Amino acid sequence: MKKHLNLDSQFAPLGSSISFEHFTFSGGEPHIRITEDLAATETVVITTRIRSFNDMGLLLLATDALKRMGIRQLELVLPYFSGARQDRAMNTGEALSVKVYAELINQQHYQKVTILDPHSEVTPALLENVQVVSNESFVKQALAELTDFVIVSPDGGALKKIYNMAKALGGVEVIECSKKRNVATGQLTGFKVYADDLRGQTCVIIDDICDGGGTFLGLAEQLRNHNAGKLILVVTHGIFSNGTEKLKEHFSQIICTDSFRTIEDENITQIKLDTTTLNN
């Protein structure tokens with residue numbers, strides 16, 4: 001039987017954790033000590049949510065601690081992969097963040113690295129021994145009680161995943177959209193909806209990440225201009241760096257997983273990841 005080391009006290013998707021102590025030295029350095037006896041033959045699955053380099057540091061320290069205890073069968077469950085959106089160096093002087101994070105993970109030589117609904121194909125291409133879990137199980141759970149709706153692709157980059165999702169949902173209609181992004185400033189403009197009249201249909205936008213929410217606010221306005229009915233936002237990784245008040249003005253439901261952080265917000269329905277949603 002596998003044992004789990006849950007480095008985030010609020011995130012235990014696979015079950016209870018091996019006991020450990022974690023603290024930060026006065027100089028700012030994280031530290032960890034495993035306080036449970038482990039047999040060298042056991043497999044340990046580390047689960048965590050990385051939102052900073054301190055979180056990454058704790059993961060690396062935990063991995064080292066387990067190896068020093070003789071554990072050789074190590075796996076990692078890291079649903080939200082930090083740096084996944086920085087998968088291209090668009091301007092001179094920029095770092096390729098996804099490669100930096102991937103190389104740190106690869107250097108640990110995990111037997112398996114599980115990630116959920118990555119932003120693009122770049123992340124799994126860079127990771128060794130990677131298992132990619134799609135958002136299909138999560139989306140089906142999120143929309144279980146919904147009937148008679150269309151799903152919306154927020155931009156061209158999402159089209160392949162959206163059409164696969166439409167098939168998984170039984171062949172629902174797809175509404176294609178597009179936008180323009182200034183690569184220097186990140187500003188979004190030129191939202192377009194490729195439909196003449198949505199005739200009051202419920203529209204479900206499905207995407208991997210909601211950070212500031214600018215994409216979804218721009219799309220909501222254009223969908224309304226095309227006679228959309230109820231709007232629902234379903235995102236795998238909910239960051240919501242600008243809060244949810246503006247989003248709630250447009251969307252009757254906002255649904256995400258707890259892959260990035262645990263959210264207590266009356267505007268959001270959060271589905272906790274577990275063995276069901278973390279398996280294809």
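Tutor: With a cut-off: a polar contact is a pair of N or O atoms within 3.5 Å, one able to donate a hydrogen and the other to accept it. Keep in mind that the model is predicted.

Student: What makes the pair Thr 236 and Thr 257 a polar contact?

Tutor: The backbone oxygen of Thr 236 lies 2.6 Å from a polar atom of the side chain of Thr 257. The limit is 3.5 Å, so the pair counts as a polar contact.

Student: Is Thr 257 buried or exposed, and how do you know?

Tutor: Thr 257 has a relative accessible area of 1%. Buried means under 20%, so Thr 257 is buried. Thr 257 lies in strand S13, residues 253-257. Leaving aside neighbours within four places in sequence, its contacts include Phe 138, Val 235, Gln 270 and Leu 273.

Student: Why is His 109 called exposed?

Tutor: The relative accessibility of His 109 is 56%, and exposed means over 50%, so His 109 counts as exposed. His 109 lies in the loop between helix H2 (97-106) and strand S6 (112-116).

Student: Why is Asn 129 called partly exposed?

Tutor: Its relative accessible area is 46%. Asn 129 sits in the loop between helix H3 (122-126) and S7.

Student: What is the phi of His 109, and what is the phi of Asn 129?

Tutor: Phi is near 60° in His 109 and near 55° in Asn 129. Both values are positive, in residues other than glycine. Most residues other than glycine have a negative phi.

Student: What is the strand order of the open sheet of five strands?

Tutor: The order is S1-S4-S5-S6-S7, with parallel pairing. Strand S1 (3-6) and strand S7 (130-133) each have a single partner strand, so they stand at the edges, with one side left without a neighbour in the sheet. The twist averages 20° from one strand to the next.

Student: How do you know that S1 and S4 pair?

Tutor: Pairing takes at least two bridges. S1 and strand S4 (residues 43-47) have four, in the parallel sense, so they pair. Asn 6 stands opposite Thr 47 in S4.

Student: How many bridges join S2 to S3?

Tutor: Five bridges join strand S2 (residues 20-24) to S3, and the two run antiparallel. The bridge partner of Phe 23 in S3 is His 31. Strand S3 (residues 30-34) has Pro 30, Ile 32 and Ile 34 on a covered face, while His 31 and Arg 33 are on an uncovered one. In a regular strand the side chains alternate between the two faces of the sheet.

Student: What makes Ser 52 a cap of H1?

Tutor: A side-chain oxygen of Ser 52 lies 3.3 Å from the backbone nitrogen of Asn 54, at the N-terminal end of H1.

Methods
Residues are numbered from 1 along each chain as its sequence is written. This is a predicted model: local features need pLDDT of at least 70, side-chain atom pairs count only at pLDDT 80 or more; totals for chains, interfaces and linings use all residues. Side-chain values use heavy atoms; hydrogens and water are left out. Axes are lines fitted to C-alpha atoms, for helices over the stretch in contact, and angles run from 0 to 180 degrees between N-to-C directions. Buried means under 20% relative accessible area, exposed over 50%, partly exposed in between (1.4 Å probe, protein chains only). Contact means heavy atoms within 4.5 Å.
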